[in-house]
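This briefing covers helix packing and ring contacts. The sequence and structure come before the details.

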Amino acid sequence: MAQRVTKESNFDLQAPVMTTDEIGILAIAFNQVLDRVKCLLEEQQAAAFRQQQMQEAQLLQSEKMSSLGQMVAGIAHEINNPVNFIYGNLDPAIQYVDDLLALLKTYRQEVPNPPLAVQTYATEIDAEFLEEDLPKLLQSMKFGATRVQQIVLSLKNFSRLDEAKAHQVNLHKCLDSTLLILNNRIRKGIKIERLYGEIPSIEGFSSSLYQVFMNIINNALDALEEQHNPQDKPRIAIATELKDKNWVVVRIADNGSGIPSDVQERIFETFFTTKARGVGTGMGLSISYQIVVEKHGGQLMCKSEVGSGTEFIISLPIQKQHLPENAQP
């Protein structure tokens, strides 16, 4: 029977139990071993299948992020050129307008009683209002152009394909750029508190950290949009601090409805999601965990109580020597 099992790799076979002596006991034990080996093989095959699924999903997600990064970089580049043209011409335009207004003021001083046609036209166009409002209008345009430049820069930073090796990353700029990209969702009555401490830049991978912050803040926004308690004003607090001189800690907390304990145990599992089909993929937090823990040698933890909100704690090493040797993009 042992020879048949080995030759056929068939662990469904069973040795016949014909007696109750030592041979019978041996046959029973042999059958029990076969059953155990069969179970172990099935578990191993299931684990291998899950691992394959996870690797395929991570590869697909990486390809999606790479394609998204290339697309965003292209869009940012196309937007950046005309915006720079507009922004670069605004200062001369403001100076020209100031000169014309100064000329108009001089004209009024030198010609206190202009011709009737001039007075009539000045009344029609409300010249006094134009003199007051035009500089404000130009300054508003300059502010808008500056805002677009900041958004374009954030998009370019988010889409950077510079993951070949670790480099200096300013976490505050990374967080601010992420918030700027998500501004369309944030401005819907959600308060953002920036509790930034004095922290140094870290050696890491900026695009990957953008992805981590984007995933966690997006989840916080989802949680705040889902809660139905009008008494609590939705809020996200982002705090940074230096820990033990070798680590930087980023805390992202919301005052949403919280996460049940049974769900907390699984939130970093691949494909696990509490969102509706088609809304969540179950990849965001698992990839974030991989980026923080495996890629940066850090820690990612979640603290939450139902009814009291959720906090994600991201601990990252400052120096490159704290990164694992096999950390690859």
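Is the crossing of α5 and α7 left-handed or right-handed? The crossing of α5 and α7 is right-handed, where right-handed means that the near helix is turned clockwise from the far one by less than a right angle, and left-handed that it is turned anticlockwise. The model is predicted, with local features needing pLDDT of at least 70 and side-chain atom pairs pLDDT 80 or more, while totals for chains, interfaces and linings use all residues. Residues are numbered from 1 along each chain as its sequence is written, and side-chain values use heavy atoms, without hydrogens and water.

**α5 and α7**
- Helix α5 (residues 171-181) packs with α7 at about 50°, the axes being 10 Å apart.
- By class, the contact of α5 with α7 has ten nonpolar, three polar and one charged residues.

**α7 and α9**
- Helix α7 (residues 206-226) and helix α9 (residues 284-295) pack at about 140°, with axes 9 Å apart.
- That angle makes α7 oblique to α9.
- The crossing of α7 with α9 is left-handed.
- From α7, S208, Q211, V212, N215, I216 and N219 make the contact, and from α9, G284, L285, I287, S288, I291, V292 and K295.
- The contact of α7 with α9 divides into six nonpolar, six polar and one charged residues.

**Rings**
- K295 sits over the face of F205, 4.9 Å from the ring centre (cut-offs: NZ of Lys or CZ of Arg within 6 Å of the centre and within 35 degrees of the ring normal).
- The whole structure has zero aromatic pairs (ring centres within 6.5 Å).

Definitions and conventions. Axes are lines fitted to C-alpha atoms, for helices over the stretch in contact, and angles run from 0 to 180 degrees between N-to-C directions. Helices (H or I, at least four residues) and strands (E, at least two) are DSSP runs, numbered from the N terminus. Angles under 35 degrees count as roughly parallel, over 145 as roughly antiparallel, 65 to 115 as roughly perpendicular and the rest as oblique. Contact means heavy atoms within 4.5 Å. Ala, Val, Leu, Ile, Met, Phe, Trp, Tyr, Cys and Pro count as nonpolar, Asp, Glu, Lys and Arg as charged, and the others, Gly among them, as polar. Rings of Phe, Tyr and Trp (its six-membered ring) pair if their centres lie within 6.5 Å; planes under 30 degrees apart count as stacked, over 60 as edge-to-face and the rest as tilted.
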